[in-house]
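Please read the following note alongside the sequence and the model.

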Amino acid sequence: MKEDLYGKGLYRYYKGEHSLEFKLHNDYGSPEMMPIEVFFEGEDSISELEELALENCKGKVLDIGAGAGRHSLILQDRGFDVKAIDISPLAVELMRERGVTQAEKADILTLGTEGKYDTLLLLMNGLGLAQKLDNVSELLNKLKQSLAPGGQIIFDSSDLAYLYENEPLPFDKYYGEVNFRYELDEEKGKWFGWVYVDPRTMKSLAEKAGFHFEILFVDDNDQYLAKLTL
């Protein structure tokens with residue numbers, strides 16, 4: 001199932017292959033190894049940024065790009081009404097097996113407006129699914145349709161300027177646009193685009209889309225947690 005290599009890795013890990021790692025190829029440097037166990041870390045292992053994100057959740061929550069469901073499971077345990085969505089069918093299957101009560105294969109870009117949520121949660125740089133900076137505004141307007149009155153979007157992203165410390169920023173694209181490809185046991189998936197948006201640019205895009213932009217936390221690696229409200 002080459003088209004769902006990400007889900008295959010998660011599912012095989014869940015079924016006991018705990019030595020599995022993704023090799024994550026990129027277009028800016030050497031491939032990096034990504035232990036799959038990070039997708040399964042529990043409440044005692046989450047980062048300060050993640051904990052703050054979960055503490056800021058309220059009401060009915062939609063966990064977008066939920067992966068193995070670790071954030072949804074924590075929120076469930078805390079009494080939240082949470083729905084987890086992912087485009088990977090195997091990820092959705094394992095979330096259900098892990099006990100996520102509402103897990104659905106869905107793409108936020110094509111999700112209907114039948115549900116309204118008080119919190120849209122996009123962790124692990126969930127806004128990156130816009131792929132390019134030019135698509136972020138469209139994504140924000142799409143997310144807006146799923147917000148209940150008084151609702152909020154909680155997300156994290158990063159400023160990738162550090163990748164260009166000793167060289168000029170690229171002139172042919174926004175510097176936060178990158179391409180990745182998963183490799184698992186020498187099987188390589190398709191390249192896909194991802195975008196990391198620096199805080200200043202994100203604030204401008206958010207305000208143009210009608211949101212108030214608030215930074216909740218910044219870590220030592222230029223990763224930040226933010227909240228958007230209408």
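Which residue lies over the face of Tyr117? Lys60 does, at 5.1 Å from the ring centre; a charge sits over a ring if NZ of Lys or CZ of Arg is within 6 Å of the ring centre and within 35 degrees of the ring normal.

1. Basis. This is a predicted model, in which local features need pLDDT of at least 70, side-chain atom pairs count only at pLDDT 80 or more, and totals for chains, interfaces and linings use all residues. Residues are numbered from 1 along each chain as its sequence is written, and side-chain values use heavy atoms, with hydrogens and water left out.

2. Aromatic pair. Rings of Phe, Tyr and Trp (its six-membered ring) pair if their centres lie within 6.5 Å; planes under 30 degrees apart count as stacked, over 60 as edge-to-face and the rest as tilted. The count comes to 14 aromatic pairs. Tyr11 and Tyr14 form a tilted one, 6.4 Å centre to centre with 50° between the planes. Both residues lie in helix α1, 3 residues apart.

3. Accessibility. Why does Tyr11 count as buried? Its relative accessibility is 17%, and buried means under 20% relative accessible area, exposed over 50%, partly exposed in between (1.4 Å probe, protein chains only). Tyr14, at 28%, is partly exposed.

Conventions: Helix = DSSP H or I, 4+ residues; strand = E, 2+ residues; numbered from the N terminus.
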